[in-house]
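Thanks for coming. I have one structure to go through, and I will take it chain by chain and then turn to the contact.

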Amino acid sequence: MIVSLRKISYTELKSQLKKDDKIVIWSCNNCVKFCKGLGGREAMKSLKEKLEKDGFNVIHTELIGLSCVLDLVHLRAIEEPTKSIFEDATVIIPLTCEDGYANLKHIFPGKRIVDVPLTVGLGVFSTEFGELRLTIPFEETGLKFTPEGIPLEEVAKKLGVYAGPF
Amino acid sequence: MGAVTQRLPLEEIEAKLAKTDRIAIISCNTCVRFCGTGGLERMEELASQLRRDGFTVVDELLLTAACIRDYTERARLSKSINKVIALTCDAGWTSIKQALPGVEVIKANETLGIMIVSPSKGVLKLMKAFEKYKKREGDEFGLLTGEPMKKRVLNLEVSE
């Protein structure tokens with residue numbers, strides 16, 4: 001399973017948004033949900049509530065099975081009811097892995113896609129841990145292969161980024 | 001979706017096995033199936049090849065995703081096995097190692113990095129690679145076959 005963290009804090013996210021932006025929050029219901037709840041339905045709902053409380057205009061939340069499947073992302077751009085929503089949107093906040101981010105940039109070239117995800121490698125989920133743990137890190141993280149897995153809070157701390165939802 | 005994998009040569013796998021071993025093969029029905037390196041057909045093919053070469057394959061187990069350890073922990077494998085072949089990505093391999101600590105777990109695939117998939121174009125693309133495969137970032141492979149594509153069909157930016 002792909003392991004992803006957040007590059008930015010909520011404050012940094014807000015600094016990239018304007019009050020007249022029409023915001024779509026986008027997520028998958030797969031790997032990122034297991035990444036301490038970085039994505040998935042709950043993460044989208046809580047971020048929408050936080051942004052609205054701070055005066056931002058969230059026009060839609062879109063939950064997709066897998067954002068790394070290009071065709072599924074493309075369908076949202078060409079078929080109603082989502083086609084009109086995405087035409088109207090000015091910014092998309094991806095709660096995905098880097099693959100999802102790349103697909104969004106490709107399918108919606110005219111929109112601002114906030115650079116949220118940092119994908120750090122592959123990992124194992126277990127209900128015993130209650131979370132996904134990083135076992136096969138990308139070398140650029142400076143972390144080593146760890147058979148038992150590294151908790152994501154620890155990975156985020158070492159890399160100076162954030163784990164879990166906004 | 002997950003990891004891009006490529007098959008290791010059969011000789012490399014067999015070199016880690018003994019004729020006296022009692023072997024189980026575990027595979028997934030997601031990423032590796034998309035890459036043509038796992039799934040039911042590939043697992044049966046590997047089991048047949050090994051049996052033909054005189055090895056004893058006792059169990060073949062197809063999981064949804066071996067990287068979810070709960071699945072591997074609940075696997076009802078024969079108690080007599082002493083080696084498991086992970087026909088998975090490296091995350092599946094670590095998950096099986098965690099779930100079956102007393103058994104040697106052998107990789108049948110190498111993991112290149114992470115991918116995006118386009119079923120309509122019949123292709124998957126390596127988007128972010130491990131160091132060893134960094135030069136192959138952006139390479140494309142046939143969906144379900146893993147065959148390298150001669151020409152790139154997805155014009156997407158890969159990570160830097």
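Before going on, some conventions. This is a predicted model, in which local features need pLDDT of at least 70, side-chain atom pairs count only at pLDDT 80 or more, and totals for chains, interfaces and linings use all residues. Residues are numbered from 1 along each chain as its sequence is written, while chains are lettered from A and ligands numbered from 1 in the order in which they are written.

Staying with chain B, there are 5 helices and 8 strands; these are DSSP runs numbered from the N terminus, helices being H or I of at least four residues and strands E of at least two. Along the sequence the pattern reads β-α-β-α-α-β-α-β-α-β-β-β-β. The C-alpha trace of chain B spans about 50 × 30 × 30 Å along its principal axes. Of its 160 residues, 49% are buried, meaning that 20 or more other C-beta atoms, placed from the backbone, lie within 10 Å of the residue's own.

Now chain A. The count here is 7 helices and 8 strands. Chain A is divided into domain 1 (7-118) and domain 2 (121-159), with bounds from an automatic or database domain assignment. The centres of these two domains, taken over C-alpha atoms, are 24 Å apart.

Next, the open sheet of chain A. It has 4 strands in the order S3-S2-S4-S5, with parallel pairing; strands pair if DSSP finds at least two bridges between them. Strand S3 (57-64) and strand S5 (112-113) stand at the edges with a single partner strand each, so one side of each is left without a neighbour in the sheet. Strand S2 (residues 22-28) and S3(A) pair over 7 bridges, with A:Ile23 opposite A:Val58. Helix H3 (residues 41-53) of chain A lies across S2, S3 and strand S4 (91-95), at about 175° to S3(A). Such angles run from 0 to 180 degrees between N-to-C directions, with axes as lines fitted to C-alpha atoms, for helices over the stretch in contact.

Strand S6 (residues 117-126) of chain A has 10 of its 10 residues buried. Strand S1 (residues 2-6) of chain A runs antiparallel to S6(A), joined by 5 bridges, and A:Ser4 stands opposite A:Thr119. S6(A) is also antiparallel to strand S7 (residues 131-137) of chain A, over 6 bridges, with A:Phe125 opposite A:Leu132. Their hairpin has 4 residues between the strands, and A:Gly130 takes a positive phi near 75° there.

Technical notes. Buried ≥ 20, exposed ≤ 12 C-beta atoms within 10 Å, placed from the backbone. Contact = placed C-beta atoms within 7 Å.
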